[in-house]
Amino acid sequence: MEYVPHVVAWNLTRRCNLACAHCYIAAGPTESATGELPTAECLRIVDEILAVNPGLLLILSGGEPLLREDLEEIARYASSRGATVVVGTNGTGLTAARISALKGAGVRGVAVSVDSLRPSYHDNFRHGRGSLAETQAALARLREQHLDVVIQTAVTKGNRRELGRLVAWAADEGAVAFNCYFLVATGRGAGLGDLTPVEYEAVLADLARWEGAYRGRMLVRAKCAPHFMRIVHAADPDSPVLNYETRCPCGTQYCRITPDGKLTPCPYLPEVAGDLRTHRFAEIWRSSPLFRQLREGVLGGKCGACEYRQLCGGCRARAFALTGDVLAADPSCVYEPADGALLIERLRAVSYGAEYAPALAWSEAARARVARIPSFVRGVVMERVEHYARQTGRREVTPELLDEVRRAMPIDFSKRRPFFMADG
């Protein structure tokens, strides 16, 4: 099977103005720029990544990426060569001028961290007094400049009961997605107490319910908890959440670059697959023993026996963090596989990350437009466009038809084009 990196997360720096309690790379104010990849090397790596997949989603993060003075240069270089570029930030440094600069550099959206609407909790969790107020002010500026926003929340025992309020607030703020992150015990997160498996199950059930309630208005997703797929499958088999070719995407559709150029399967799995300072991206991606293990290895324990292993497969980062084995069972899952149950396979003919062979004619202009869609969702979009075309008696896909499809959606994506449409 040809594995394609559809999403690459890049921790550009360990420097940060905050010192968040759960930070997986233990970023903070005491870190320096020593060891960070210089601009020229970053641009070379961008070229190497895009040589493997010219239409990927590139997430520029940190630490706090706004502390890199060359952030806009890197973003502009990648976006001008076809990547969909987004920035992950704590939000406190998003001045109007900086937002304008990011937008001018081709950044399509910003993921902002908000862990509570209570300053006493958020500011303490992020170790930054006044940080919630600063982040909320930044959200208003992002709206003014029409830049898409994703709200990211790390769920803990301290904010578990507030999640419903946070989801509703994110929708009212105009966020295109709400991502609920579950703890992986790495970096400073290793010192935090996690939810119990029973509590995981309850939160995931809530998220599945909210996903349906906000569908068409805002995406609601669970991160680092692939058993979300099992719960959605049981509750709502028609949910778009099930548009996935793989389970946990780490090392198969997704990877992470550290500030000093190491390539790992995901931000929460720090095991190094290779060094981009000495080896080309394509070589590591295609030949690394660690990546091959994740792609070809047999899952252990109950994850390997579970009938949902194709849809879920457990979080590989959490398995590694708690057992030292990337193929071990995910200890956060309460589900026990049913004896003799048939394997549950994915339901969609075309799923996120899959190629799609058009059945209808596409005009050259329509093909050019769809080529700008990130690769992980392009096949799904093309399939839906052709389905709409057949329903309306069309035999050719044109730019006019694409505009019509966007206007027919619950959200008018001709005005808002969200960038996060899948897990990873």
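Let me start with one side chain: that of Arg 98, which reaches the backbone oxygen of Leu 66 at 2.7 Å. That pair is a polar contact, meaning N or O atoms within 3.5 Å; within protein, one must be able to donate a hydrogen and the other to accept it, and residues adjacent in sequence count only if both atoms are side-chain atoms.

Some ground rules. This is a predicted model, in which local features need pLDDT of at least 70 and side-chain atom pairs count only at pLDDT 80 or more, while totals for chains, interfaces and linings use all residues. Residues are numbered from 1 along each chain as its sequence is written, and side-chain values use heavy atoms, with hydrogens and water left out.

Back to Arg 98. Arg 98 sits in helix H3; helices here are DSSP runs of H or I with at least four residues, strands are runs of E with at least two, and both are numbered from the N terminus. Is Arg 98 buried or exposed? Arg 98 counts as buried because its relative accessibility is 19%, and buried means under 20% relative accessible area, exposed over 50%, partly exposed in between, with a 1.4 Å probe and protein chains only. Beyond four places in sequence, Arg 98 is in contact (heavy atoms within 4.5 Å) with Leu 66, Arg 68, Leu 71, Glu 72 and Gly 93.

Glu 72 takes us to helix H2. Glu 72 is also buried, at 11%. Its contacts, with neighbours within four places left aside, are Arg 98, Ala 101, Leu 102 and Ala 105.

Now the two helices as a pair. Two packed helices are described by the angle between their axes and the distance between the axes. H2 (residues 71-80) and H3 (residues 96-104) pack at about 25 degrees, with axes 8 Å apart. So H2 is roughly parallel to H3. The axes are lines fitted to C-alpha atoms over the stretch in contact, and angles run from 0 to 180 degrees between N-to-C directions. Under 35 degrees is roughly parallel, over 145 roughly antiparallel, 65 to 115 roughly perpendicular, and the rest oblique. On the H2 side the residues are Leu 71, Glu 72 and Arg 76; on the H3 side, Arg 98, Ala 101, Leu 102 and Gly 104.

Next, the core. In soluble globular proteins, nonpolar side chains tend to be buried together. A nonpolar core here is a set of buried Ala, Val, Leu, Ile, Met, Phe, Trp, Tyr and Cys residues joined through side-chain atoms within 4.5 Å. The largest has 116 residues, and Trp 10, Leu 60, Phe 178, Phe 182 and Leu 207 touch the most other members. Which helix gives the most to this core? Helix H1 (residues 39-52), with seven residues. A second, separate core has 13 residues, including Trp 362 and Val 405.

Last, some backbone details. Gly 62 and Gly 63 are joined by a cis peptide bond, with omega about 15 degrees. Gly 63 lies in the loop between strand S2 (57-61) and H2. Two residues other than glycine have positive phi: Ala 26, near 50 degrees, and His 146, about 55 degrees. Ala 26 is in the loop between strand S1 (7-11) and H1 and is partly exposed at 27%. His 146 is in the loop between helix H5 (131-144) and strand S5 (148-154), and at 67% His 146 counts as exposed.
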